[in-house]
Amino acid sequence: MAPPRLVPPAAADPSTQALRAEVRQFLAEQHTAGAFEPSLDAWLTGWDEKFTAALAARGWLGMTVPVKYGGHGRSFLERFAVTEELLAAGAPVAAHWIADRQIVPALLKYGTEFQKSHFLPRIVRGECFFAIGMSEPDSGSDLASVRTRAVRVEGGWSLTGTKVWTSGAHRAHAFIVLARTAPSDPDHRHGGLSQFIVQLRGPGVQVRPIISMNGAHHFNEVILEEAFVPDTRVFGDIGAGWTQVTSELSFERSGPERFLSTFVVLAAATTGMADQRMSRDDSLGRLVAGVTGLHQMSTAVAGALQRGEPADVAAAVVKVLGTTMEGDIADFVDRHGSSDSASAELIAAAVDQRPGFTLRGGTNEVLRGVIARGLGIR
């Protein structure tokens with residue numbers, strides 16, 4: 001099965017269009033060489049360090065990292081074009097995804113000079129992978145209820161607590177942990193939180209697998225038992241964790257992965273209907289139009305992030321609409337089915353993954369509250 005192609009608006013910048021063409025040629029070559037087969041939800045499930053290394057060799061990791069830190073000094077919109085093409089093709093990008101999407105801009109904004117110099121060149125080379133330590137048992141999307149504690153000790157901090165749904169923690173090198181450094185105040189629930197860069201293979205850190213119902217292993221539970229974090233790995237300012245996390249979530253929630261997780265099966269459906277191998281269904285047009293609109297919205301958020309503008313509300317809108325659309329696509333292809341075994345496997349994967357689309361990255365129910373407050377609706 002050849003990699004699907006996304007069709008962005010014809011009015012896109014010519015240099016960006018040329019970059020897209022370059023990425024498509026690369027993907028076609030990699031597919032012909034047997035380096036990958038298009039898969040569903042590949043930014044979560046497609047962990048392939050060799051493919052990541054191939055992207056790094058082309059300069060497509062750490063694209064927005066300044067040259068002084070080993071990066072390429074390119075724009076958010078250029079990075080957006082590359083990642084969108086990779087996602088549309090179902091390419092295996094999970095290994096570097098969190099580091100490249102979320103950790104890079106966070107390091108550039110909040111990291112110390114030591115942290116930037118240490119981690120950024122390694123991320124750019126595809127040699128350092130990260131996970132995220134936000135969610136906790138019984139907390140759902142309420143990050144203000146974090147119970148992981150960070151206690152001041154000589155030379156650093158001692159962390160104790162549990163993180164769940166930690167994607168890729170069994171393979172990643174480190175993760176950024178949100179912990180409580182001051183007692184919770186009912187009148188200021190978002191205060192007293194801080195972030196730390198924690199090595200996932202260090203003393204006091206235990207990674208336990210969370211196996212999905214289909215037998216897949218992407219998620220993990222990470223238990224911290226007095227894990228020592230030196231002062232050099234404090235991320236940002238002590239007590240500023242909530243502000244930092246809110247900023248980071250704009251990158252996590254607004255990207256094209258929030259509406260392209262099921263694009264592979266949508267592309268197969270459009271081809272099947274065009275070839276009259278699938279019965280006519282007008283709802284396919286609605287889905288294609290929806291993806292096109294989300295492309296425009298997500299591109300606009302990338303532009304806002306490029307300009308350093310707040311984008312948390314817009315990112316939440318993209319996430320709510322995009323993940324709902326992904327589920328609608330899964331339902332659509334499940335109704336129609338496929339006689340092709342490869343497509344049938346992808347459809348089954350879409351149905352399996354469907355419940356998680358609107359949960360990960362903050363549940364859509366919670367994000368609707370974020371949107372309402374951002375718009376001044378009570």
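**A charged pair and its setting**

A: Arg101 is buried, its relative accessible area being 7% (buried is under 20% relative accessible area, exposed over 50%, and partly exposed in between, with a 1.4 Å probe and protein chains only). The model is a predicted one, in which local features need pLDDT of at least 70 and side-chain atom pairs count only at pLDDT 80 or more, while totals for chains, interfaces and linings use all residues. Residues are numbered from 1 along each chain as its sequence is written, and side-chain values use heavy atoms, with hydrogens and water left out.

Arg101 and Glu257 form a salt bridge whose closest N and O atoms are 2.8 Å apart (a side-chain nitrogen of Lys or Arg within 4 Å of a carboxyl oxygen of Asp or Glu). Arg101 belongs to helix α5 (residues 94–110) and Glu257 to the loop between α7 (241–254) and α8, so the pair ties together parts that are 156 residues apart in sequence; the helices here are DSSP runs (H or I, at least four residues; strands are E, at least two), numbered from the N terminus.

The chain is assigned domain 1 (15–128), domain 2 (132–240) and domain 3 (253–375), with bounds that come from an automatic or database domain assignment. The C-alpha centres of domain 1 and domain 2 are 25 Å apart, and 16 residues of domain 1 are in contact with 17 residues of domain 2 (contact means heavy atoms within 4.5 Å).

A second bridge, among the 15 salt bridges found in the whole structure, pairs the side chains of Arg360 and Asp41, at 2.8 Å from N to O. Here too distant parts of the chain are linked, with Arg360 in the loop between α11 and α12 (364–374) and Asp41 in the loop between α1 and α2, 319 residues apart. Arg360 and Asp41 are both buried. The bridge between Arg307 and Glu309 also has its closest N and O atoms 2.8 Å apart, but Arg307 is exposed, with a relative accessible area of 53%, and Glu309 is partly exposed, at 37%.

Beyond residues up to four places away in sequence, Lys116 touches Tyr69, Leu107, Leu108, Gly111 and Pro121.

As for the nonpolar setting, the largest core holds 44 residues, and those with the most contacts inside it are Leu27, Phe51, Leu55, Trp60, Leu86, Val93 and Val291 (a core is a set of buried Ala, Val, Leu, Ile, Met, Phe, Trp, Tyr and Cys residues joined through side-chain atoms within 4.5 Å). The largest share of this core, 7 residues, comes from α8, and domain 1 and domain 3 each supply at least three of its residues. Apart from this core lies another, of 27 residues, among them Ile98, Leu120, Val124 and Ile176. Within the largest core, Phe51 is one of the residues with the most contacts; leaving aside neighbours within four places in sequence, Phe51 is in contact with Phe26, Leu27, Gln30, Phe36, Leu86, Ala91, Pro92 and Val93.
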